[in-house]
Amino acid sequence: MNAGLMGIGHYVPERILTNHDLEKMVDTSDEWIRTRTGIEERRIADDNTSTSDMAYEASIKALEDANIKAEDLDLILVATVTPDFPFPSVGCLLQDKLGATKAAAMDVSAACAGFMYGMITASQFINNDTYKNILVVGVEKLSKITNWEDRNTAVLFGDGAGAAVIGPVSEGRGILSFELGSDGSGSKYLYQEPQGFMEMNGREVFKFAVRQMGQSAVNVIDKAGLTKADVDYLIPHQANIRIMEAARQKLELPEENMATTVKKYGNTSSSTIPIALSEAIQEGRVKDDDIVVLVGFGGGLTWGAVALKLGK
Ligand SMILES: CC(C)(COP(=O)(O)OP(=O)(O)OC[C@H]1O[C@@H](n2cnc3c(N)ncnc32)[C@H](O)[C@@H]1OP(=O)(O)O)[C@@H](O)C(=O)NCCC(=O)NCCS
């Protein structure tokens, strides 16, 4: 069976934190943040909203879009580095909140590439005909591991959730090819201290990301037997507009054919790709039969990409 997208949804918290708000918190400026990252504002969850709460909100929409009930789910995979608890997993908390009585559940830890890892893991169960309906969620409450006194990281991140139902689709549709990779020698460039904050060597992550995103995008196009001209839309991990632009240029795509939610949400780690895909579908920027390239990178270091033909 071919695995593809059956439904998608997203959730972002209401509270907006602008660059001007950050000017009052750390030594930075709206101009610096815009020109170096493309970010204008981000969303921050309140104290009473947990990672699993945001995952629930996005999942309800994805299930509705896929026209299935929570009881129909066979498996729940939640990509997150900001779980409610070290254990139980957000997957299990979500299984209970949704009432997904038949579903197995677990979390996937691959940082900002987590949704790509989850999606590809899900597709294997579909391909070998083991499961039919799999919920894959990318969700982060990064605000709780952000050091709000460190201007190197505080300006970059935000909170949000995106969820997709992955299931069997007709021949020629769905996931046409994928690539996953890791390089643990770069673990020192982006990590969280136990019970502490995120730490980052921005310049090293930047160099890795520019190189890897373009390369992985080209690799999945080749593996699917496509050319750059076949690609309708690019959904890169939303970390920094300059990194995203490098990938877009490598694919020779016009500006309007790339998702840029980074402006309003910042980097929400594992949730950027499903949020951006959900909005692109909702707003009609992509539609059935379009070929979309999803590509992410993150702490680990990790990366992942998919060439996806939309439609069931
Ligand atoms: C972090 C990042 C935006 C910095 O942009 P940059 O153009 O590389 O900037 P530099 O690292 O060259 O830093 C330039 C200066 O700005 C300063 N600076 C850093 N953050 C700042 C901020 N928020 N406001 C103002 N100045 C800042 C630095 O201290 C440095 O000052 P110095 O030259 O006196 O040391 C960029 O490296 C980046 O996006 N890296 C990837 C990060 C990422 O994607 N992380 C998530 C991966 S999933």
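**Entry 1: H7 and H8**

I looked up how helix H7 passes H8 and found a right-handed crossing (right-handed if the near helix is turned clockwise from the far one by less than a right angle, left-handed if anticlockwise). Helices here are DSSP runs of H or I with at least four residues, and strands are runs of E with at least two, numbered from the N terminus. The model is predicted: local features need pLDDT of at least 70, side-chain atom pairs count only at pLDDT 80 or more, and totals for chains, interfaces and linings use all residues. Residues are numbered from 1 along each chain as its sequence is written, and side-chain values use heavy atoms, with hydrogens and water left out.

I then noted that Phe-206 and Met-213 are among the residues of H7 that meet H8, where Arg-242 and Ala-246 are among the partners (contact means heavy atoms within 4.5 Å).

**Entry 2: H2**

I listed the buried residues of helix H2 (residues 30-37) as Asp-30, Ile-33 and Thr-37 (buried means under 20% relative accessible area, exposed over 50%, partly exposed in between, with a 1.4 Å probe and protein chains only). Their cover includes helix H1 (19-23), strand S3 (41-43), helix H8 (241-250) and helix H9 (262-265). After H2 I found Gly-38, with a positive phi near 85°.

**Entry 3: Asn-133**

I placed Asn-133 in the loop between helix H5 (114-127) and strand S6 (134-141). Asn-133 is buried, at a relative accessible area of 10%. Beyond its neighbours within four places in sequence, I found Asn-133 in contact with Ile-68, Asp-72, Leu-73, Asp-74, Leu-75 and Ile-166.
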